Structure formats: structure tokens, C-alpha cells
Amino acid sequence: MIAQSLDIPNALRLSNQSIDNLLQGKSIAAIPQRFTITGKVFALYPDQLDTETVIISAWARCEQCEIIDGLKPLEIISHYISVPTKILQEMIAERESFFLMYLRVYLLSKPIIIPAKSQGQYIALPDRLKVDESSPILNDHDFARLKQRLENLEPPESLDSQIHRMLEEAGIEKKVDSSKKLAWIKTISTLGDRSIKEDKGKSNYQAGTDFENIVKQSLEFLGFTVDTSHKGGAGGLDLFCSKPYPVAGECKAGRSKSDKAVEQIDRIAKRILKENYLLASGLIILGSGDEPSKQLVDSAISSKVTGSIKINIIKVMTLQKLVEFKAKYDGAIDLFELKKCLQAGQIDDKIYDYILKVEGKIKLRSKIVGVVKELVTDLDSEKPTAQDVKVHSNATFARNYNPKLGDRLVYEILIELSSPLAGYLGRVESDGIKGDRFYFLRDLPFN
């Protein structure tokens, strides 16, 4: 069957958290400012502060809208919409009721970027959006089941059911394809090229602003805190990360790579950061296109010995690779380890080496999970110790390692994989490295 095409003229403003919950399948409802009629369709506009553009990656249809007052069980509603009960109680205390809108959410085939608007529940789109129903977040069965449970205000599922669902969602068969819900990542390098033909009529200023915003979003996704107080148009930094360590950034979109960029970022950073100047690293993010000139790279390298901040050059595609890696393995990027790559000069190769190093660690852990799974063939079999896992690992996948895996390393990895936050293995505590035994819970996929 061919998916029905729809035209959407506007977008509904919701909080970032609400849209994240909807895109991850954690929720099928949200709280709008006003009552919404059943059947109304709109794009989903994430409410963001201090940004000039917004990325929209999904649209939704209102399936139902109802009034919730203090007589309804707010604890149950809280569970289904992933909003703390305390916040719902505060809303009731302030205005006696609120609207609850059931939403059927679909992903766009390609995210769009629009100018940010500071006001209004509904935001007019620059161009009508053509959409279809080919990419629903939840399938028909799951959506209908959750909608019925929320309508009937049924209590949350039992703890065992929740654990089963969490393990299922954390494994290979995820209800929501993470590559789709994080579709904005694919636009990072695209927005670094001002020469793209699709951006007809877009000024260089707007193209540069779009690039700055996507770089800012990327760095925040990696875990940096972007401080907007140091940003300031002409004469200001494009971005400044204050935590976990200071990084002053300049974004150079398009194919024109100014050889003066090193001098520019050094001068601006010195004026704005003042006493914190020498504590910061400089980062020049180059858009798509040509390689940086030799003069630009040489200037960045020389910053290491000239008493200025260390200037690092990185291509936008390398930044995209980092963000993609973070999206695939959420805890994989250690910003303090990444800081070791900031040594002045062009650092793309250093970052790729860092990614390869971390990939190797994840691959090793994936294989160790597989070994435990293989050793525990049934519920009655004896659970292996760290030494059992080490011997089996060295005899199979690690036989060419130099040196081979040792007891202490394998035990530390097993402890890591069996922690409550990881949950890939279980552990029966006994006598530490000699007596603790381990068993399989779920796979750690590695591609």
C-alpha cells in the first residue's frame, strides 16, 4: 500500500524533553498549552533557548485531547508521559487542570532546519511540509495498547515486565531505530558546506549561523557545556565551552579557509577570556570542502610554542564521526581522554586513532560477554569464574593478543559488565577475583 501524503503548514511547540520521550517511544502523549482537535497534524518543534535555528525531525497527529484535573491519578499519568508527578501537581495547583494530548508520531524522511521563533504554541513553517506515515515511532499494535492503558489509567506494569522490556529495548531489537531518532547527526557535515545547491536563497551569514548551531548542538551532545555569554556576533567567539574544560571555537563553513583564522581566534579569545585565556584550548571547525592550507596548519602548530592558546583544527566530518560514535555507544566518549588529542595543529588523525582505541575496548567487552554466554549453556551449568573466562578467551578470540589477557584485566571487565548500570552480565559474589562467578544477561552488540 502506498503511504498517504499529507501537507503540514505549521509545527507544535513542545519541550525538548517531551519530544525526546515521544521520539524514543517512552511516551505517547504531551501537555499542550491549548486544547487541540482530534485529527490535527503538525511538525514537532523542540522549544530551545538561545538558538537561531531549530532542527525538526518528526511530525505527529493528535489522536485525542482531554482535560486532566486533580481527581485523576497523577502518579499513573506521570508514568505514561514521563513527566514527574510533582510537576503535574504544580500545574494542577496553579490552574486546576491541564490538557493531555495523545500523539501518533512519525519520523520525517529528512530533518528540516527552520528559523527559531520565541513565541506561540504553533509555529508557521517557511514551506509546507509534505509527509507520509511510512516511519511511525511505534507500530499500530504497540500504540493502540499504550493508548488504551493510558485512557483507562491502568497502573504501570509489574517490575518483572518492566525489566523484561528494558532488556529488550537495550538489545538488538529496539523499538526505535536510534539512527532515525538522531537523524540530525547526518546534517552536521552538510551544514558545513555553504555551496550546497539545496540552500537556494540562503545568505552566507545564515549558512554560517546554521553551521555554528549544529556544531554547538554536537558539542553539547558529546557532553560539553556551551556558555553563550562569550558569544557575540562580530568580534565575538562563535562558541565557548566552559565545562568540563574551556574550549574556544570558531566555525569556518564552506570552502574558503582563511589563513588568518588562528590569529583571529587567538586575538578574540585573549580579549574575551582574559585571565582564563591560557587555560583554554582553541578549536577551528572546518566545513566541508578543501583541505586546510599549509599556512593555516603551520600557524596552528606554532601556537604550541608562542605563548598563546593551543589552536586545533578539525574537519566537520570528524566531528560528525565523534557524534555518531557517541550515539551508537552512549558512554564511549570520555571528554578527558579526548582532551589529550588537543595538542595544536590538525587533529583529525588523533581523533580517529582515539575512536579506534575505544572501539577496540568495546569489541573486547563484546567478545567477553559472548564467552560467558557460551560457557553458561543452561540454567543448571556452573557459572564461570574470571579465570574460566580468561582461559576460554585466550584459547579462542584472544590467542593472538600480545600479551594475552590476564586474570586481573578479565576480572575488572567482568565487574564492569555486571554493574547495575551496564547489565550485560550478572555476578554471584564469593571470594573476589578467585571465587566470584558470572552469568549472561544480554548481548553487547558490536559492528
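Contact here means heavy atoms within 4.5 Å, and helices (H or I, at least four residues) and strands (E, at least two) are DSSP runs, numbered from the N terminus.

**Entry 1: the model.** I noted that this is a predicted model, in which local features need pLDDT of at least 70 and side-chain atom pairs count only at pLDDT 80 or more, while totals for chains, interfaces and linings use all residues. Residues are numbered from 1 along each chain as its sequence is written, and side-chain values use heavy atoms, with hydrogens and water left out.

**Entry 2: α10 and α12.** I looked up which residues join these helices: M317, T318, K321, L322 and F325 of α10 meet D348, I351, Y352, I355, V358, E359 and I362 of α12. By class, I recorded eight nonpolar, one polar and three charged residues in this contact. (Ala, Val, Leu, Ile, Met, Phe, Trp, Tyr, Cys and Pro count as nonpolar, Asp, Glu, Lys and Arg as charged, and the others, Gly among them, as polar.) The axes, lines fitted to C-alpha atoms over the stretch in contact, with angles from 0 to 180 degrees between N-to-C directions, come within 10 Å for α10 and α12 and cross at roughly 15°. The two helices, α10 and α12, are therefore roughly parallel to each other (angles under 35 degrees; 65 to 115 count as roughly perpendicular).

**Entry 3: α13 and α14.** I then turned to helix α13 (residues 386-395) and helix α14 (residues 407-417), whose axes come within 9 Å and cross at roughly 110°. That makes α13 roughly perpendicular to α14. I found the contact to be made by A386, Q387, V389 and K390 of α13 with D407, V410, Y411 and L414 of α14. These residues divide into five nonpolar, one polar and two charged.

**Entry 4: the cores.** I looked up the nonpolar cores, each a set of buried Ala, Val, Leu, Ile, Met, Phe, Trp, Tyr and Cys residues joined through side-chain atoms within 4.5 Å; buried means under 20% relative accessible area (1.4 Å probe, protein chains only). The largest has 38 residues, and V215, L219, L222 and I285 have the most contacts inside it. Among the elements that each supply at least two residues of this core are α7 (204-222), β10 (281-286) and α12 (348-375). Leaving aside neighbours within four places in sequence, I285 is in contact with F211, V215, E250, C251, K252, I314, V316 and L319. A second, separate core of 36 residues includes I81, I92, M101 and L107.

**Entry 5: α1.** In helix α1 (residues 16-23), I noted S18, I19, N21, L22 and L23 as buried. G25, which follows α1, has a positive phi, near 75°.

Technical notes: Angles under 35 degrees count as roughly parallel, over 145 as roughly antiparallel, 65 to 115 as roughly perpendicular and the rest as oblique. Buried means under 20% relative accessible area, exposed over 50%, partly exposed in between (1.4 Å probe, protein chains only).
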